[in-house]
Amino acid sequence: MDTEMQTKMKIRDLKLWYGDFEALHGINLDVYSDKVTAFIGPSGCGKSTFLRCMNRMNDRIASCRIEGQMLLEGSDIYAPEVDVVQLRTHVGMVFQKPNPFPKSIYENVAYAPRIHGLVTDGPDMDELVETSLKKASIWNEVKDKLQQPGTALSGGQQQRLCIARTIAVQPDVILMDEPCSALDPIATAKIEELMDELKNDYTIVIVTHNMQQAARVSDYTAYFYLGDLMEFGETQQIFTAPTHQKTEDYITGRFG
Amino acid sequence: MHNKADNFLHQGVHPRKRKRERADARFHFYGLAAVSLALGFLVIFFIDIIGQALPAFHLTEVLVKVHYTEAVKSNYNKAIDHKLSRIVGRSWLRSLPMKIEANPALIGTEEELWIAADSRVDQYLKGHDGHGLKNKYRKIVDKMQQQGKVRDVFNWAFFQSGDSKLPESAGILAAAIGSLFTLLITMLVAVPIGVMTAIYLEEFATDNTFTRLVEVNINNLAAIPSILYGLLGLAIFINFMGVPRSSALAGGLTLALMTLPLIIIATRAALRAVPESIREAAFGLGASSLQVAWHHVLPLAMPGILTGSIIGLAQAMGETAPLIIVGMMAYIPDAPGSILEATTVLPAQIYTWSTESMRGYSERTAAGIMVLLTVLLSLNALAVKLRNRSEKNW
């Protein structure tokens, strides 16, 4: 491990219940700065649930209850004084299905900076929209049609627009919940390429069902199984020399 | 060399195929028959109503010589030839003393005027024989017709006046204005309350016993017979709050009670139709609940909300039962000047006319139905148009 490696998020003994059902049984995990961490595991293992804990999207589910610590740069994001709105500007999220707002491409990117008062409309906003779209590698494709609806783009372009929209608030962490599962291989390749660039500036956590994708894009991999974190380590180690038999069975495709 | 495909391709028509096709054809026929039957009833209904209503849109006028004298002030019959007193509409005759009062210079002059004929004359000329018009008057009318002193004109009075005890001057205007006032009250009360309730229940409320209770009750309220809302309106608005009886305010508030559950249900359906992914996207960017609802969910749900509200209001507009109880089913000839004055509404006016025995009123009943249907169909067309627009934007 690098000596200068920094921990962005530190999760200690995180448990989560949906009503009486315990979905996560005490997760301990470190997410390192400016790296890509992949969560893998069979369906229903809790990896998406866990990802959604990281920017408190689970707050919207009434029956959901959480115990344990989820530290972002040392402070607990579940502390009572934490403003969820502020948290989500630091920890952005990209979803499984591309979900641009049914507004113009420009508006999609400008929306969040505007509601958070980061930038006022005008040349500053134009610049922010442009840099965000450039960072998401979609500027060249949309620069001539910024006023057209974002929903008219192709699936892969929509997903990159969603990434641009997330980048626009300058988050520290970007959570990606199976961002390529609704995309074709070419669009997927573009997103993966983009992740590689983005990790210079952002900490990325990605949930994926695609083993090859996890192996390709991530620096660290966490293997979840039935609400437990079975194994966590450098991706290369997980894929070449897993410690647990379960992990090996899963990544070699014996089950899951 | 024998494979399965060969077998079934060379077997000829399979018996199950024939059976299946017959069943399909039968099903097709039943569906078509049901649609034709429904359409048939609709066509019969429209032909009947329009056929009955058309005569109400034109009116007989007669040319009479009017003498303005001092005596007319005390006896308006003296203004015209006494033979014509049964032929000319009485409401015009009754207005003569006031006309002279207002303009004394008229005294001593005379003029020839086209005056709306009495309803019996009108009916006689429209071919409805034996309707209370005596033979001697029929002869006078026939003679006037030969002299060109009878003409058939469009019945503007129907759209320019309120109810009357004389069919020839009974019109729809007062009821239409009453309906407009009532509907405005209903809209101003039911739409904001209904939409806000739905937004709260759908976007903000947590799922607990209380909200579930509210939900069940709203759904039940939509199924309550409308006359019960009339009783509720009477008890709350008129008896308790002291709203004037028969007023547009009392009727509008009562109809608002009735429309509220419909608007809430329609709005909730519209909100629920907004994809969850849009909410997630907005929440994920750090939008607050209010911002998510206001910036993203409401604009997308708006066409659905408008459609639901318009259909709810259209139903309120055609409602009669609750208005009986709050006193709007009455003979009210004048258009209301304010929401506190006694008024009637279109369906109530139609009902009032339908209970009158004179033939002129049955025409006006059908004409009133046509006016009401036109308004309702326009409202529904507007709702459909909004719905189509929403599909385009999606």
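This is a predicted model: local features need pLDDT of at least 70, side-chain atom pairs count only at pLDDT 80 or more; totals for chains, interfaces and linings use all residues.
Local features here need pLDDT of at least 70, and side-chain atom pairs count only at pLDDT 80 or more, while totals for chains, interfaces and linings use all residues. Residues are numbered from 1 along each chain as its sequence is written, and chains are lettered from A in the order in which they are written.

Let's start inside. In soluble globular proteins, nonpolar side chains tend to be buried together. A nonpolar core is a set of buried Ala, Val, Leu, Ile, Met, Phe, Trp, Tyr and Cys residues joined through C-beta atoms within 7 Å. (Buried means 20 or more other C-beta atoms within 10 Å of a residue's own, exposed means 12 or fewer, with C-beta atoms placed from the backbone.) The largest core here has 77 residues, and A:A164, A:L175, A:I204 and A:V205 have the most contacts inside it. Apart from it lies another core of 66 residues, B:I172 and B:F181 among them.

Now look at helix α4 of chain A, residues 123–135. (Helices are DSSP runs of H or I, at least four residues, numbered from the N terminus.) Which residues of α4(A) are buried? They are A:L128, A:V129, A:S132 and A:L133. These cover an arc of only 125° around the axis, so they sit on the same side of α4(A); the arc is that of the directions from the helix axis to the C-beta atoms. On the other side, A:P123, A:D124 and A:E127 are exposed.

Finally, the two chains meet: 17 residues of chain B are in contact (C-beta atoms, placed from the backbone, within 7 Å) with 19 residues of chain A. On chain B's side, α11(B) gives the most, with 6 residues.

Methods:
Helices (H or I, at least four residues) and strands (E, at least two) are DSSP runs, numbered from the N terminus. The expected span of a helix is 1.5 Å times one less than its number of residues.
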